[in-house]
Amino acid sequence: MTAIYQMSLTEMSHRLQSRELGVEQAVSACLERMEATEPDIGCLLHLERETALQRAREMDAAGPDPEQPLWGVPVVIKDVLATKDVPTTCGSRMLESFVPFYDAEAVDRLKRAGAIILAKSNMDEFAMGSSTENSAFALTRNPWDTERVPGGSSGGSAASTAAGQTPLSLGTDTGGSIRQPAAFCGCVGIKPTYGRVSRFGLVAYGSSLDQAGPFARSVEDAARVLQVIAGKDAKDSTSSPEPVPDYIAALAERDDLKGIRLGLPEEYWGEGLESDVDGVCRSALHKAQELGAELVPVSLPHSPYAIAAYYIIVMAEASSNLARYDGVRYGYRDTSEKELTRMYFATRSKGFGREVQRRIVLGTYVLSAGYYDAYYKKAAQVRRLVREDYQRALQDCDLLLAPAAPGVPFRLGEKVEDPLQMYLTDIFTNPLNLTGLPGLSLPAGLGPETGLPIGLQLFGPSFGEEKLLQVAYVLEGALPDLPFPRGVDK
Amino acid sequence: MPDYEAVIGLEVHAQLKTRSKLFCACSTVFGEEPNRNTCPVCAGMPGALPVVNKKAVEYGVKLSQALDCQVNDRSVFARKNYFYPDLPKGYQISQYEHPLAEEGQLEMPVNGSMRQVRIVRIHMEDDAGKSIHGAENTSYVDLNRTGVPLLEIVSGPDIFSPDEAVAYLKSLRNILIYLDICRGNMQEGNFRCDANVSVRPRGRPEYGTRTEVKNMNSFRFVHKALTYEINRQIELLEDGEQVVQETRLFDESSGQTKSMRGKEEAHDYRYFPDPDLVPLSISVRDREEWSRELPELPLSKWRRFLRDYALPEEAADILTGEKDMADYFERVVACFGEPQTVGNWMISEMLRELNEGNISASESPLAPEQLAELLRLIQQEKISSKIAKQIFPEIFARGLDPETYVEEKGYLQITDESRLQEVVREVIAENPDEAASYKQGKKKLMSFFMGQVMKKTQGQANPKLVDQLLRSELGG
């Protein structure tokens, strides 16, 4: 029999609703799994053990609510999403003591769907990073190889879900922070269309790029989570009124890929792919063809400029978004300084880590008088061209298909000293955020050389999550099933 | 010594009278306990997002329409970045490249002629909080005002004297009050103004170096500050020195402007479009609806008062200077007619009482219908206008019905001919010498007799009737 922690969300939810499984039982099993795996992977920053157990007992007493699709399901939330009465640190010393009195809309929707928050997960400070090594508090390790990074910035959530701590978690994706760690840890991750999920309570990094989305161990599970968190929120002006389709119903609509045109952007399939990535992804392409998909070469000619434009825009926005952490109202303050300006300097120098400071300085620079036109304005123009590239390619195809990252998870510490190398690990995921389009990362198999998970990503048209999930679901059925990660199941 | 000309441009910040703040649902009520009117959005908590208040947009568009501005189809909120403890987000949400409206004008009467001042732009922004500096080097921050909607109205450099500057501000304030979108109180800070000032030899087309003058909290201070600053700049040029581009603060106690920061210390605000807010587009339907709702504006009302009521300009100035006053006037005229009489009464008698009680016409205890009643009593010669003026302060303060009051107090004029005849005969009998002089042609004595009759009747005799009776009794 499957251990409770190994259950998919779909199975666990079914058993909870039918009372074959008690909520307290499910929560306890997840807590036990956390205890067993945390020493190896360290993906959690804060555990809500007592409140979660208490809530579980109350729910068991009240009995299941069929109206709540996630009734009794334990979840993990990336620490960048505000959770009422639960610490929300963003992996930063600056917010070490910060406890919000409000929930992020995505969190609130999970709660209203019956989910129980078990823990907050580790991340790169303020979501700035690609390996979760920029956390001020913990080092998270890849559950497949604990000497390697889990990816980032949502590395804590990805590792947690992959290791079976809970069936699902939430992450955020500003430049690949869901898709890349999903690929590195061997789980499914979705970056929804910009505006699909409310950003209220998502502590802003790059406001025009940030989106929250789910991690799960299967496409179906991820679809169930997206179903709950998607939709217009009056508290977020950039959230979309576009109706949310029935994603689960859409999954049942096809069992092959006949008539589906999958575009292969040449910029993603050329030189520079590590051989495991190349091999696993190409064999996935064959599977897609066998399922009836038509593979179409496409070009996204402005891709070489996308990463520069991405970093200019995200840093510019970050420099402004992080201005509120000034030590005046909440969070860390250096109390040794009495004069205002000196207090600001001391607080922000000590409260923020190096990478965050680097991005604030660069972002401030590109917005400065005399540089704005050369940097920010130019980047905004490039952004439009990149978006047009994707839209043009998607006129001709249903979806685009690419590797989620050029390489396998790298070793801890390997790139921390070289920020540029670190930035380049996101080269396959950054451009999509400039376009606002949705993306999904799916495990394509284990690399024959490294034995590490390899991720494949699908890009869809605006609000095309339905198609994205449908195709991923069919493809998933044909791709090799991943076992539980060996790093945590010795 | 060459003749100099001052060139002034004004930036006005008008706080809007919306119930809630510009980007959140917090109340804008003034005078609450510090930090009571706050929420995650206006307090700049992590993850909170702004949502624009449509009422504030409506008010902004209405002012733009009232000032003949071009309302942009699409305007963009931008972040103005700087650090200050009363600015919780670390940026103000304002508009920069694409403001709400541009290219309008304000037309105003100055010293008997009409002047036009261009409006360069009108944009929306949220207000900062308040820093309160206490004893022992402690400071406090009150965020109640943070996020209250403001309109910034930027004039062209079309104002050439302190008098014109004050006239412009008064006209603009009046328009805001007519639109009922701003309280317009400079002391309370809901109508604030900064000035860009330069001088140049008259006739020269180029502008001189300008300074920005801040902290002028009343019309009087605006006048004082600008007069000082213009003279300061002229003196510098006269002495062969240069005006330095800088921001200067007006100091109320000394009446001088003092340097606050120079050009090199000027902030770099790093404006960029706020990614949390979608561009503001105002539908044609809203625009048309709001335009239909515009009330008659001060200048039109002024012109109409001149035309329809044949009032002198000065009277029209005063009566349309406050919307309440104009409304009151028209209600009295509707009941009574005779606009000039009504105008005179309001300006000479009522305004004094209003000022004394520091209230507006709409708060007058005496209803317009009651004032009309009082004027009717004079017209019908039931009381003399002298009596009316005498009793006015009391009936005004207590909002008394004039007719009942004069009846109860016995102020009604004596129009009983036989009674007056008696008094007239008495007076003539008591003053035989004067009567004789009168009959010999000293007609001036008529007023003496009138005075005597009035004295005997406590001023209540109908003067016309007395005059008639005196003439017939004295012969001629």
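Guide: The following dialogue moves from the fold of one chain to a single residue, and then to the interface between two chains. Please note that this is a predicted model.

Visitor: How many helices and strands are there in chain A?

Guide: One begins with the secondary structure. Chain A contains 16 helices and 11 strands.

Visitor: What does the radius of gyration tell us about chain A?

Guide: The value is set beside the one for a compact globule. For 490 residues such a globule would have a radius of gyration near 23 Å, and chain A, at 21 Å, agrees with this. Along the principal axes, the C-alpha atoms of chain A fill a box of roughly 65 × 55 × 45 Å.

Visitor: What share of the residues of chain A count as buried?

Guide: Of its 490 residues, 64% count as buried.

Visitor: Let us turn to one residue. Is D389(A) buried or exposed?

Guide: Here a cut-off is needed: a residue is called buried when its relative accessible area is under 20%. D389(A) has a relative accessible area of 1%, and is therefore buried. This residue is found in helix α13 of chain A.

Visitor: Which residues does D389(A) touch, not counting those up to four places away in sequence?

Guide: They are L300(A), P301(A), H302(A) and S303(A). With H302(A) there is a specific approach: the side chain of D389(A) reaches the backbone nitrogen of H302(A) at 2.6 Å.

Visitor: How many residues of each chain are in contact where chain A meets chain B?

Guide: For an interface, one considers both the residues and the area. In this model, 38 residues of chain A are in contact with 31 residues of chain B. The area buried between the two chains is about 2800 Å², and carbon and sulfur atoms give 59% of this area.

Visitor: Which polar and charged interactions are counted between chain A and chain B?

Guide: The count is two salt bridges. One of these joins R199(A) to D276(B), with the closest N and O atoms 3.1 Å apart.

Visitor: Which element gives the most to the side of chain A that touches chain B?

Guide: That element is α10(A), with five residues. By class, this side of chain A has 20 nonpolar, 10 polar and eight charged residues.

Conventions
Residues are numbered from 1 along each chain as its sequence is written. Chains are lettered from A and ligands numbered from 1 in the order in which they are written. This is a predicted model: local features need pLDDT of at least 70, side-chain atom pairs count only at pLDDT 80 or more; totals for chains, interfaces and linings use all residues. Side-chain values use heavy atoms; hydrogens and water are left out. Contact means heavy atoms within 4.5 Å. Buried area is the accessible area (1.4 Å probe) that two parts lose on being put together, summed over both. A salt bridge is a side-chain nitrogen of Lys or Arg within 4 Å of a carboxyl oxygen of Asp or Glu. Helices (H or I, at least four residues) and strands (E, at least two) are DSSP runs, numbered from the N terminus. Ala, Val, Leu, Ile, Met, Phe, Trp, Tyr, Cys and Pro count as nonpolar, Asp, Glu, Lys and Arg as charged, and the others, Gly among them, as polar. The radius of gyration is taken over C-alpha atoms; the globule rule is 2.2 Å times the number of residues to the power 0.38. Buried means under 20% relative accessible area, exposed over 50%, partly exposed in between (1.4 Å probe, protein chains only). A polar contact is a pair of N or O atoms within 3.5 Å; within protein, one must be able to donate a hydrogen and the other to accept it, and residues adjacent in sequence count only if both atoms are side-chain atoms.
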